[in-house]
Amino acid sequence: MTDISPLYLPQPAVINEVIEENSQIRTFVLSFCDREYNEKFTYLPGQFMMVSVPHCGEAPISFSSTPEEPGHIRLSVRRAGRLTNAMHRMKKGDVVGLRGPWGNGFPLDDMVGRDLLFVAGGIGLAPLAAVIRTCIKKRDQYGRISIIYGSRTPSDIAFADDIAAWGMEKDVECLLTVDKAEPGWDGAVGLVTSLFDRADFAPGKQTALVCGPPLMIRAVLSDLGNRGFADEEIITTMERHMKCGVGVCRHCHMDGRLVCADGPVFSLARLRGLEVMELG
Amino acid sequence: MSDKLILKKDHLTTFLRKLSKEYQLVVPLKNCHGDTLFTVIEDLDSQPPDLVNQPQNSLKEFMLPQQEVLFTYKNSPGDYSFSPATVKPPPTIFFGVRPCDLSAVLYMDVIFLQGRTDPHYLQKRENSVLIGLNCNTSFADCFCNATRHGPFLEYGSDLQFTDLGDRFLVEAGRSRGEEIVRKWGYFFAVAAKEDRARKYQVFLEARGGFARMVHVDQAIKRLREKKVDDSVWHELSLRCQDCGGCAYLCPTCTCFTIIDRPVDNVRGERLRSWDACTFAGFTNMAGGHNPVNAATDAIRQRFMHKLCYDVKDHGRPSCVGCGRCVGICFGGTDIIRFINMACEGI
Amino acid sequence: MAGLATTFGSGAMTNSINEIENAEVILATGSNTTEAHPQVARRMLAAVDRGAKLIVIDPRRIRLAEFAHIHLDIRPGTDIPLLNAMMRIIIDQNLVDDLFIDMRTENYHQLRDMLYRIDLEETAKTTGVPLERIKEAARVYARARKAVICYCLGITQHISGTRNVQSLANLAMLTGNVEKEDTGVDPLRGQNNVQGACDMGALPNVFPGYQSVGNLDFREKFEAAWQVRLPEKTGLTLMEMTHCGAEGLIRGMFIMGENPMLSDPVLSKVEDTLANLEFLAVSDIFLTETAKFAHVVFPAASFAEKTGTFTNSERRVQMVRRAIDPVGHCRTDADIIMGISERMGYPMGHESPVEIMEEIAMLTPIYGGMHHDRLESGWGLQWPCWDRGHPGTPFLHKYYFTRGRGRFIAAEHDPPSELPDKEYPFLLITGRTYHHYHTGTMTRKCSLHNRECGEALLQINGGDAGRLGVRGGDILRVTSRRGVIRITAEISDVVKPGMIYTSFHFSESPINALCIDTWDPLANCPEYKVCAVKIEQGEVA
């Protein structure tokens, strides 16, 4: 009898801290209950975990933490369906199940020595935060870092403390914009693309990492293309309904590709020719 | 397939009886309503296997059950723990498996065992022996000749039977088949030259005997070249009655869903069960956004997967030409209809 | 029921479902067939594939309309003017089947005189359909050698429901489109055994087999068999019972497999009735909204746990066999009824479903030849099936109508009791969705069905939505003169401007709280299909 690897069996993980990022997004700081497992556990920014919540099944959630800070992981969760709503009701000390890491992760090695441009909208900053944290940890390996982040309103700005901290780092620039201003907001108003003229773009020596709602991704990809970025220099990460996370159940199909196994990180070059919602 | 042997038809029941002492036996059986189904056989004497009619189910039902428990969980404040499912399937011989259904198992092997091994599939698969039966005559909706999965199987079974009238030609394909032939060697005689010639004759007749002409290759080409008009998808989507019957009966439709079934407040099971990519909810994301347009693209996914993506990824279509979806579909959106629509005007 | 019973003498599908496939013309009206009767729709589509012409009458651009050669998108509740216009055109164009009318029908002159009085242009205007299209539909239908009319609740759930059906029967008789195979008038039943329930006398005025309570011979027959005195008076209809209110005549009720707390109009009135009963017993497989009011709940066995028969739309009686033993304390319906009966001092003593079926066969002439041993193999038998040797009846009214001659009963336009106005500007139509069954008692417990359709969606036309600033997924408050509900918007051009549509499956959006409590005076069927509402954005306060 072959030894059965626990492909679908989650590992219990305890919630150490719940950070309220905004009214819709919470970041859960977790560590595995099994100490040995927790110590050995590692992952790549861009990968995701299948998160189990009692009686609610599983949902894929990207890491927003960096593997450079081992011992705990961060999963940032936006309230959308039954499982994520149940998770938002969970507190410090509660236990979830985690299975993973699954997916491919961002091509960090290819990015070494290059300038980095991060463009995110809403919860889309979560997977990019994993990369940003990693790059800041290894600051000398990468060039200039520009972060452009769009939210619906100023009170919807998630990861505000992180953004403030990143902005203090050397050669890191953070630009924020909101769809709709609120009293007291003197920053930019408009889509993320409206900030593009203010950022320093250097196609050829810069890699753009993009994550956000489908319509934003579509607008950003086409704008970056117009500004001279090659398809290989534009990296995005996709979100789909998932069940297995390991390339079998096919719920996350995307014109012959599976987001869980072939992605979720794709360069624009890999997406070209596919019929994908995010490309229009 | 190496050794060619002969088993007299008169000795088939005796042979199966010997096998049934060591294995659970699954064969096509006609039930009291006249339906032929792959069934665990309890009593060989009451009813012989039905080797005349096409079983309505396929081996998918055994390898990827309609519903199976992946694990059980316990949940109380501060605790949420998981225990693997412990059911172990008995060693099982599947007898009378047609080339289409056998090819389907080989396809499932690729899906579930290549890359990350699916433990639940592996457990059943490694406990199974597949005895194939070549098709001398095709059934009403078959077109395995066009998908190149039949009517005779070239490789993949443990033992492969060909009906030569009063006897079967038996070829051992894999080591498990050879073991069986060795262990019960006294059932078999070495095939004569005429037997082999006869097999070839039967094959030629079978190949020429298909009632339907289905242009699978043409459809594959047109899909690859993106020449299938949007109006085809639109009409198929309108007609599809969203019953999922095609996917459930299809021996290679392996898409599944995973759900939690609470047993009580503190315990539950995680189940996986069959799903169908033609359902709108298959791709619907939490919050209601759906990346697939249900009005046109859900049914497109079904045919693209079978006839385009799998050809690209695995070298041949995952439609094995069994024709079951043709019989079950009541909207008129089965794969033959699609292929005919896709090839219209060529 | 009353519509076909008064014109043909029998209130059931005149054809078998399979026959629809062979028709040359299919007129589908008030039936969202692909969603509600997919197995009937498949025959319609197959017929279209073979060259049949499909006429769809429906205010919405339903999926079936996409296959239609002629779609008559009438204003809701204008079926009678439309059918009258078609009949007038048929007379004007000399497409009437005179021989059939002479030989087989009566009272034609009444219809003809009425039709001669109508003004076609005016009538067309009432329906909202261009006259030319009505003319084409009339010609196509009348010229067919084999034409089938399929109708469903879109015809009957109006205050003019019975007269709508009578008008359809008029149309069929006018053109001789009954009495033959592949030709007739077919009401599609809403539930798998609603036909069987009616057949077994679950109606206020008849014993099993439509044997009138008022008829002494029938009464004596049943009294002799059951050894009890039976009431001479007709009973109450559903609406009369569930809407009788706190001061109603009814003190106790036994409800089996029915969920009026979600399915009946003006739920506040139903609640008022149920909450004030001295005693309520409910038997169902799950604890329904209705069962929550009960003093006693009987856990009933599901279809898989019992043996018996179901009778479907086409009068086909089919066996259902016990696949698993009743779970827990569940008991079969027969067990529950007999158990209660015994405790009330009347032991029935049936030992098996076979024995019950024997009694049915003995007392119910149309079921005279239905016995379990005959039903066990094959696909069952269609009534009337008079005796053991009878093969069953695929289509009705061959040679003569059940009532002798088919009777023309002329009907004139009777507008819905509540139409949109300034205050309540939208016309609300209610119906069903593909994934859920009735009040969702069963289907809403199934994860896959809930995934596919997890909430009620209010279809609203893109133009109206734009004007109101409503986007898909928005939460809306829909108010009528009777109630208010919360529901999610779905922008859809299936509905025309001024019209909204949703289903009644969801207790979170109990649409019947809005519906009007007027009903067809002849059949007591509520007017679920038309009422006036207003729409606002936001949650219910």
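This is a predicted model: local features need pLDDT of at least 70, side-chain atom pairs count only at pLDDT 80 or more; totals for chains, interfaces and linings use all residues.
Five bridges join S9(C) to S10(C), residues 279-284, and the two run parallel. Strands here are DSSP runs of E, at least two residues, and helices are runs of H or I, at least four, numbered from the N terminus. Strands pair if DSSP finds at least two bridges between them. C:Met253 stands opposite C:Leu280 in S10(C).

**The sheet.** I then traced the order of the open sheet, which is S9-S10-S11 in chain C, with parallel pairing. S9 (252-256) and S11 (296-299) of chain C each have a single partner strand, so one side of each has no neighbour in the sheet.

**Contact with chain B.** I checked where chain C touches chain B: 14 residues of chain C are in contact with 12 of chain B. Contact means C-beta atoms, placed from the backbone, within 7 Å. Helices H3 (38-49) and H19 (447-452) of chain C each supply at least two residues of that side. H3(C) gives the largest share, six residues.

**Confidence.** I noted a mean pLDDT of 92 for chain C, with 100% of residues at 70 or above. pLDDT is the predictor's confidence in each residue, from 0 to 100. Helix H1 (residues 2-7) of chain C is lowest, at a mean of 84, and strand S2 (residues 53-57) of chain C is highest, at 98. The model scores ipTM 0.90 and pTM 0.89.

**Conventions.** Residues are numbered from 1 along each chain as its sequence is written, and chains are lettered from A and ligands numbered from 1 in the order written. Local features need pLDDT of at least 70, side-chain atom pairs count only at 80 or more, and totals for chains, interfaces and linings use all residues.

Conventions
Two residues are in contact if their C-beta atoms, placed from the backbone, lie within 7 Å.
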